[in-house]
Amino acid sequence: MTTTTTLKLPDGLKARIAAVAQQSGKSAHAFMVEALELQTELAELRTAFVADALRAREEVARYGLVVDADEVFDYLKARAEGKPARQPDPSLI
């Protein structure tokens, strides 16, 4: 189900949206809905990223295991190049 929401836009922004929407073959309404969907998804992803980071920090604080960043980068680079690579071992801090 959809509901109606009213947005009060500054005249300049409204004109910019209309121009860009027309160039992309969309109505201004469709362009704004798409933009709101995208920004909502980005905000949700950012929230999940921060939650994951906080969980990781708690895990490090609880167990004290970390992996050296240089070892991780070397491992990833080797894998990306198709070379054999040994996964880095976590160590206590």
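**View 1. The largest pocket has a volume of about 280 Å³.** The model is predicted: local features need pLDDT of at least 70, side-chain atom pairs count only at pLDDT 80 or more, and totals for chains, interfaces and linings use all residues. A pocket is an open set of points on a 1 Å grid over the protein atoms alone, where a 1.4 Å probe fits, with protein on both sides within 12 Å along at least five of seven lines. Its volume is the space filled by probe spheres set on the points.

**View 2. T3, T4, T5, L7, L9, H29, M32, V33 and L36 line the largest pocket.** Lining residues have an atom within 4 Å of a point. Numbering runs from 1 along each chain as its sequence is written. The lining has 5 nonpolar, 4 polar and no charged residues. Ala, Val, Leu, Ile, Met, Phe, Trp, Tyr, Cys and Pro count as nonpolar, Asp, Glu, Lys and Arg as charged, and the others as polar.

**View 3. The chain holds 3 helices and 2 strands.** Their order along the sequence is α-α-β-α-β. The radius of gyration is 23 Å, well over the 12 Å that the globule rule gives for 93 residues, so the chain is more spread out than a compact globule. That radius is taken over C-alpha atoms; the rule is 2.2 Å times the number of residues to the power 0.38. Helices (H or I, at least four residues) and strands (E, at least two) are DSSP runs.

**View 4. Of the 93 residues, 6% count as buried.** Buried means under 20% relative accessible area (1.4 Å probe, protein chains only).

Terms used
Heavy atoms only, no water. Buried < 20%, exposed > 50% of the residue type's maximum accessible area, 1.4 Å probe, protein only.
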